[in-house]
Amino acid sequence: MKSLKRASASSCHVDASGLARMFEELNAHQVHSVMVTRDNFVIAEGWWKPYRREYNHIQYSVSKSFVGTAIGFAVTEGILSVEDKILDILDDVLPSEPCDNMKKLTVKHVLTMSTGHKDERNMFHEGEPWIYSLLSSYIDEEPGKGFRYISSSTYILSAVIWKLTGQTVFEYLKPRLFEPMGFSENIWWEKSPEGLNTGFNGFNATAEDITKLALLYLNQGCWEGKRLLSEEWVREASALQIKNEDNDRNQKLGYRQGFGTFSEDWKSGYGYLFWHCRPKGAYRGDGIYGQMCIVMPKERMTIAIAAGCREPREILDVVWKHLLPAVDNDTHGQEGDLRLQQVLEGLEIPAAKGKKTHPDQKEYSQKVYRIAQNDMGMKALSFTFPEEGNPSVAITSCKGTMETQIGYGEWIETDTGYDPDGFSCDNVVFFGQAACSGAWQGDEYVLKIVYTRTPFVDTLRVRFRQEKLEGTYTHTVKYGRQSYEVMGILQE
């Protein structure tokens with residue numbers, strides 16, 4: 001990995017006090033990391049402990065902007081054009097005649113979310129190859145006539161890259177983007193059952209990696225004096241390709257359930273898998289729960305954000321409120337830089353609050369409770385409360401058993417041992433790496449679990465009742481259901 005250059009905010013003519021206020025206010029919106037650049041220098045970067053700079057974070061639909069970039073490279077290399085029809089490229093998928101509107105579908109229609117579909121295609125449970133499921137679907141309206149955010153459609157572009165190059169999108173981007181720009185070695189991308197990158201989702205990368213994509217576009221496709229991506233593609237991809245001011249229609253139809261409510265930042269237009277923003281000329285890659293890759297050409301700035309926020313619009317409201325007035329504002333100079341540094345060093349997700357011990361905790365220690373059937377797949381639960389040192393927990397699920405120490409007033413990190421299979425980043429409860437803290441609140445033990453490569457910060461609350469255990473497991477964010485009852489009986 002090649003690190004970006006660093007500089008103070010004041011040296012780049014940005015008021016660091018304004019940035020400090022931005023970070024302070026973002027504390028209330030479940031943000032996990034933020035990286036800000038100006039003139040190709042990182043001027044502010046912060047991670048809310050236990051998240052760390054070297055950790056990947058699931059990027060969700062920011063992944064689409066990487067797929068769009070892969071298409072940009074392919075166009076630059078003359079492999080295809082945006083006007084090419086999808087079925088002319090993927091001509092060996094369908095065994096029978098598709099619908100008339102599918103015959104009209106082009107690469108550009110997919111890039112601009114104007115495929116004509118009214119509804120998402122639920123490929124995950126159909127038992128068919130994903131690309132067959134998409135291309136055999138019925139397109140309700142003529143492509144190109146209106147904006148409708150159909151997330152799964154981007155997988156078509158992943159299949160296009162595969163068909164034309166024999167490589168996955170990840171493999172195709174590696175020598176063109178990841179290696180020349182020095183992305184971290186640990187980036188990865190989930191794959192479909194067919195072995196292709198999911199495209200619409202599943203890219204995992206650090207804040208600095210996301211910043212590098214933003215900088216490539218900010219610099220019109222150039223990196224360190226060398227052209228990687230054509231300037232024409234950057235101009236087209238970032239331009240207003242389709243209007244979406246009636247995006248509330250999509251909200252009412254429920255397609256963004258779990259994504260929060262819309263603001264002007266979701267109704268300011270759309271390019272090639274980039275959303276336009278309220279500030280003039282700004283645009284972004286955007287993923288559920290507040291994953292963002294923001295490019296601000298007018299201000300010569302970029303912002304990378306990772307979060308687990310139910311209302312991502314609130315994050316952008318905070319950014320525009322504090323960042324824009326700070327640009328070309330030298331009011332506080334080096335004094336502001338010092339304040340910003342102090343704020344950044346103190347960023348942390350609050351650990352569980354309460355007392356360290358309970359007078360009856362020895363009675364509950366090391367007992368195993370068999371958990372009643374539940375949608376989480378949790379099967380057994382056991383706590384150990386030693387007289388000295390940290391308590392620990394063992395959670396057995398359908399994926400295995402997580403055993404970890406629990407910090408008090410701090411986070412203790414662990415590798416859970418879980419290894420979710422297949423396309424899973426949106427719908428599992430337990431992940432591979434976590435950090436835990438816990439405390440007693442009266443007779444209730446509260447365990448907070450941060451899955452440090454994901455947006456998920458979960459809370460398990462349990463009460464011990466003689467030979468029974470009862471409580472709740474709650475997610476800060478999650479598709480669909482947010483909270484579950486946990487009921488258990490003492491295992492003989």
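## Exercises on a predicted model

Thr-404 sits in strand β16, which covers residues 400-405. Keep in mind that everything here comes from a predicted model.

**Exercise 1.** Work out whether Thr-404 is buried or exposed, then find what Thr-404 touches.

*Solution.* 
- Step 1: Take the relative accessibility of Thr-404, which is 6%.
- Step 2: Buried means under 20%, and exposed means over 50%.
- Step 3: At 6%, Thr-404 therefore counts as buried.
- Step 4: Now skip residues up to four places away in sequence; Thr-404 then touches Pro-391, Ser-392, Val-393, Ile-412, Thr-414 and Cys-436.

**Exercise 2.** Decide how helix α1 (residues 16-26) and helix α13 (residues 333-345) are arranged.

*Solution.* 
- Step 1: Two packed helices are described by the angle between their axes and the distance between those axes.
- Step 2: For α1 and α13, the angle is about 20° and the axes are 7 Å apart.
- Step 3: Angles under 35 degrees count as roughly parallel, so α1 and α13 are roughly parallel to each other.
- Step 4: The handedness of the α1 and α13 crossing is left-handed.
- Step 5: Who meets whom? From α1 come residues including Leu-19, Ala-20 and Phe-23, and from α13 residues including Leu-340, Val-343 and Leu-344.
- Step 6: Sorted by class, the contact of α1 with α13 has 7 nonpolar, 2 polar and 4 charged residues.

**Exercise 3.** Find which residues touch the most other members of the largest nonpolar core, and follow up Phe-23.

*Solution.* 
- Step 1: This core has 121 residues, and the ones touching the most other members are Met-22, Phe-23, Val-34, Phe-66, Leu-177 and Tyr-217.
- Step 2: Helix α9 (residues 207-218) gives the largest share of this core, 8 residues.
- Step 3: Beyond four places in sequence, the contacts of Phe-23 include Val-34, Ala-44, Trp-48 and Leu-347.

Technical notes: Residues are numbered from 1 along each chain as its sequence is written. This is a predicted model: local features need pLDDT of at least 70, side-chain atom pairs count only at pLDDT 80 or more; totals for chains, interfaces and linings use all residues. Side-chain values use heavy atoms; hydrogens and water are left out. A nonpolar core is a set of buried Ala, Val, Leu, Ile, Met, Phe, Trp, Tyr and Cys residues joined through side-chain atoms within 4.5 Å. Buried means under 20% relative accessible area, exposed over 50%, partly exposed in between (1.4 Å probe, protein chains only). Helices (H or I, at least four residues) and strands (E, at least two) are DSSP runs, numbered from the N terminus. Contact means heavy atoms within 4.5 Å. Axes are lines fitted to C-alpha atoms, for helices over the stretch in contact, and angles run from 0 to 180 degrees between N-to-C directions. Angles under 35 degrees count as roughly parallel, over 145 as roughly antiparallel, 65 to 115 as roughly perpendicular and the rest as oblique. A crossing is left-handed if the near helix is turned anticlockwise from the far one by less than a right angle, and right-handed if clockwise. Ala, Val, Leu, Ile, Met, Phe, Trp, Tyr, Cys and Pro count as nonpolar, Asp, Glu, Lys and Arg as charged, and the others, Gly among them, as polar.
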